[in-house]
Amino acid sequence: MITRRTALSLPLALAAAPAAAQTMLAAPAAAPAPAPIALVMNSGGASVSVIDMTSRQVINTLPTYREPSHWALTPDKREILISDASGNALFAFNPHTAKPLGHVRIADPYQLGYTPDHRYLAVNALRLDHVDFYDATTLKLVKRFNPGKKPSHLDFSPNSRWSFHSLQGSNALASFDLTSLKMRWRVPIGNTPAGVLWHRGRLLVCIMGGNGIVEVDPRNGRILRGQATGRGAHNIFYDEAGQRLYVSNRLGGTLSALDPVTLQVQRNYRIPGGPDDIGIDPAGRIWIARRFAEEVAVMDPATGDYDTIPVGRSPHGIFLSTCLRQTGEITAERL
Amino acid sequence: MGLDRCFSIIAGAIDQHLILPVLYRFGWMEWGDLSFNWALVCVYGLFAVILTYAVCWPLEAWRPVEHWPSRKAVLVDIFYTLLNRVGVIPVVTFLLFYQVQTDFTGQLVDMGFIPPTLETLIPGLFGHPLITFGLYALILDFADYWRHRLSHSFRAWYALHALHHAQRQMSFWSDDRNHILDDFISFLWFFAVGLAIGIPPLQFPLLILGLRFMESLSHANIRLSFGPFERLLVSPRFHRLHHAKRAAGRHSCNYGAVFPFWDMIFRTADFSAVWLPTGDAKAPEALATGSYLAQQLTGAKMFAAALARRRHT
Ligand SMILES: [Zn+2]
Ligand SMILES: [Zn+2]
């Protein structure tokens with residue numbers, strides 16, 4: 001079995017030798033880029049489907065332990081980590097080729113993300129009511145919080161001072177100071193908060209027990225305004241290129257496109273089959289994991305039409321390797 | 001379209017149009033991530049009931065062990081089956097114990113224990129989910145053998161389990177007739193096992209369904225043995241011997257649920273080619289022919305009495 005050390009050897013090597021790392025990072029640009037792939041986390045199938053984005057065919061299915069759900073790119077973008085909550089593990093893959101790079105055992109990882117300064121890997125353990133901060137290079141636990149019930153989604157301020165976590169079972173939003181690793185505040189936010197996104201100096205939080213999102217002041221957790229999107233607003237994504245926000249509405253079975261400034265809904269797309277996480281390809285098409293349908297839908301936002309690709313059971317998170325061409329921070333929410 | 005995908009779509013529709021609206025209406029959306037799994041449990045459970053009925057009913061009509069003038073005593077078993085298989089009891093148990101379970105597991109994790117899976121204990125299993133599943137099935141069946149055997153060994157525990165044995169008209173509906181406290185003990189038992197070896201991979205619901213089908217079949221009122229395979233899988237004849245009147249109580253045989261291996265290894269197997277009447281002569285009549293509530297109440301009283309007697313002696 002691959003150990004904690006070898007599985008994540010690259011970030012370790014990079015941390016040890018930053019100068020060498022830069023030349024290593026520059027190298028792949030010269031080699032021909034591998035064909036773009038999509039990785040789909042089949043949470044009910046204990047597997048990751050690898051899709052050739054050009055032919056739209058599943059070309060490989062890779063095993064995990066039990067329940068892969070979400071992903072994070074390592075700071076050097078050389079590994080994608082996929083969380084497996086009931087398998088108590090993080091699985092590492094090459095994000096360009098999907099080559100398995102081993103796994104590490106950590107408790108109940110659900111949603112996860114590296115702080116923008118690459119110091120910590122923050123992990124929400126939804127089932128155990130833990131918010132865990134791991135050292136980004138060694139993956140040793142640095143600090144554990146029990147801020148409330150069912151921590152689900154998370155995001156950070158771009159200056160890495162603060163983190164924000166929705167507490168799905170406590171109807172609250174919690175924020176931590178990442179310098180002192182102390183809780184800053186915990187405020188009631190609405191029934192069953194889910195997706196969290198830092199957006200233009202504010203926070204946007206989906207209210208799954210309600211019918212839309214709220215905008216929150218990150219300094220104190222005060223709610224500034226609300227915007228209706230659809231019943232059961234679940235997750236929120238930001239399209240870097242198109243400057244659009246997307247909100248998936250679980251009960252409404254829709255994907256809402258929002259103006260990033262006014263937050264007004266511009267269009268609602270009907271997506272049957274339990275839409276979950278999304279990815280956006282360079283042509284602007286939206287790749288949507290559809291939980292019940294066991295498919296990925298590839299939708300043209302101009303027409304709302306979509307093709308489907310059958311994947312495994314209960315597809316949850318989705319990663320498109322085309323996002324690796326972007327510079328700067330890449331997370332599951334900033335596409 | 002595969003059966004699996006078909007079931008997922010049905011479960012998705014149930015979740016979307018039935019469960020989620022209820023959760024939403026009452027402000028319980030925090031369960032919205034799990035409700036699809038509940039719907040799946042219900043859909044597979046219902047399919048298992050239909051499948052069992054479709055296979056066992058004609059067989060019971062064709063080669064019954066016993067002919068009954070009235071099938072009234074079977075009705076309550078049908079109720080038990082629906083309650084258990086179509087998800088009511090499993091979901092309620094899950095919800096009741098959710099917090100206890102997470103708090104307890106959280107404490108263990110705080111102490112540095114990360115619950116393993118069989119693949120972390122035996123790394124060679126990783127990437128072979130079918131073999132892993134088979135191994136889980138064996139281990140869980142082994143654990144169930146001992147749970148069942150112990151439930152016959154302790155007076156108070158058998159006071160609960162007697163409900164399962166009281167049925168004199170045993171049929172393929174009888175597998176789920178258990179006292180609710182007995183169900184809770186089973187839940188805790190398998191939670192403990194889960195902490196030690198993790199939960200099995202869940203991508204083979206049809207196999208899980210097959211195992212449950214075997215448990216129903218083993219109770220069926222069918223003159224059926226598996227011939228040369230009698231020592232590989234528990235047959236109706238094998239389990240009927242466990243339910244025989246003479247075997248009720250503390251000295252029984254054939255405790256295995258799916259595989260007879262454990263009975264063979266621990267010398268409790270009886271492969272006699274006989275078809276004996278079932279029931280527990282010592283059990284109060286309410287346990288045999290009473291309503292669901294009467295059975296539960298009687299079982300609870302017997303349990304309390306057995307506990308009290310233990311304290312006095
Ligand atoms: Zn028994
Ligand atoms: Zn039985």
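Trainee: What does the side chain of B:Thr268 make a polar contact with?
Mentor: In this predicted model, the side chain of B:Thr268 makes a polar contact with the side chain of B:Tyr145, at 2.7 Å.

Trainee: And where is B:Thr268 found in chain B?
Mentor: B:Thr268 sits in the loop that runs between helix H11 (261-265) and helix H12 (285-289) of chain B.

Trainee: Is B:Thr268 buried or exposed, and why?
Mentor: B:Thr268 has a relative accessible area of 10%, and because buried means under 20%, B:Thr268 counts as buried.

Trainee: Which residues is B:Thr268 in contact with, leaving aside its neighbours within four places in sequence?
Mentor: With those neighbours set aside, B:Thr268 is in contact with B:Tyr145, B:Arg149, B:Cys253, B:Asn254, B:Tyr255 and B:Asp263, and B:Tyr145 is the residue already named for the polar contact between side chains.

Trainee: Another loop, then: where is B:Asp176 found?
Mentor: B:Asp176 lies in the loop between helix H7 (155-166) and helix H8 (180-197) of chain B, and its side chain makes a polar contact with the side chain of B:Arg85, at 2.9 Å.

Trainee: Does B:Asp176 count as buried or exposed?
Mentor: B:Asp176 counts as buried, because its relative accessibility is 4%. Leaving aside neighbours within four places in sequence, B:Asp176 is in contact with B:Tyr80, B:Thr81, B:Asn84, B:Arg85 and B:Arg212.

Trainee: Changing topic to the metal, which residues are the protein donors of the zinc ion (ligand 1)?
Mentor: The protein donors are B:His148, B:His152, B:His161, B:His165 and B:His242, each through its NE2 atom, and they lie 2.1 to 2.2 Å from the zinc ion (ligand 1).

Trainee: How are those donor residues spaced in sequence?
Mentor: The spacing of the donor residues of the zinc ion (ligand 1) reads H-x3-H-x8-H-x3-H-x76-H. Among these donors, both B:His152 and B:His161 are buried.

Trainee: How far apart are the zinc ion (ligand 1) and the zinc ion (ligand 2)?
Mentor: The zinc ion (ligand 1) and the zinc ion (ligand 2) are 5.6 Å apart.

Trainee: What about the two chains, and how many residues does the contact take from each?
Mentor: The contact takes 41 residues from chain B and 48 residues from chain A. The area buried between chain B and chain A is about 3700 Å², with carbon and sulfur atoms giving 53% of it. On the chain B side, B:Arg5, B:Tyr24 and B:Asp33 lose the most area to chain A, and together they make up 19% of what that side buries.

Trainee: Which residue of chain A does B:Asp33 meet in a salt bridge?
Mentor: The side chain of B:Asp33 meets the side chain of A:Arg250 in a salt bridge, at 2.7 Å from N to O, and the count of salt bridges between chain B and chain A is six. There are also 23 residue pairs in polar contact between chain B and chain A, counting pairs with both residues at pLDDT 80 or more.

How values were computed: Residues numbered from 1 in each chain as written. Chains lettered and ligands numbered in written order. Predicted model: local features only at pLDDT ≥ 70, side-chain atom pairs only at ≥ 80, totals over all residues. Heavy atoms only, no water. Donors = N, O, S within 2.8 Å, 3.2 Å for Na, K, Ca; no water. Buried < 20%, exposed > 50% of the residue type's maximum accessible area, 1.4 Å probe, protein only. Contact = heavy atoms within 4.5 Å. Buried area = accessible area lost by both parts, 1.4 Å probe. Salt bridge = Lys/Arg side-chain N within 4 Å of Asp/Glu carboxyl O. Polar contact = N/O pair within 3.5 Å; in protein donor to acceptor, adjacent residues only side chain to side chain. Helix = DSSP H or I, 4+ residues; strand = E, 2+ residues; numbered from the N terminus.
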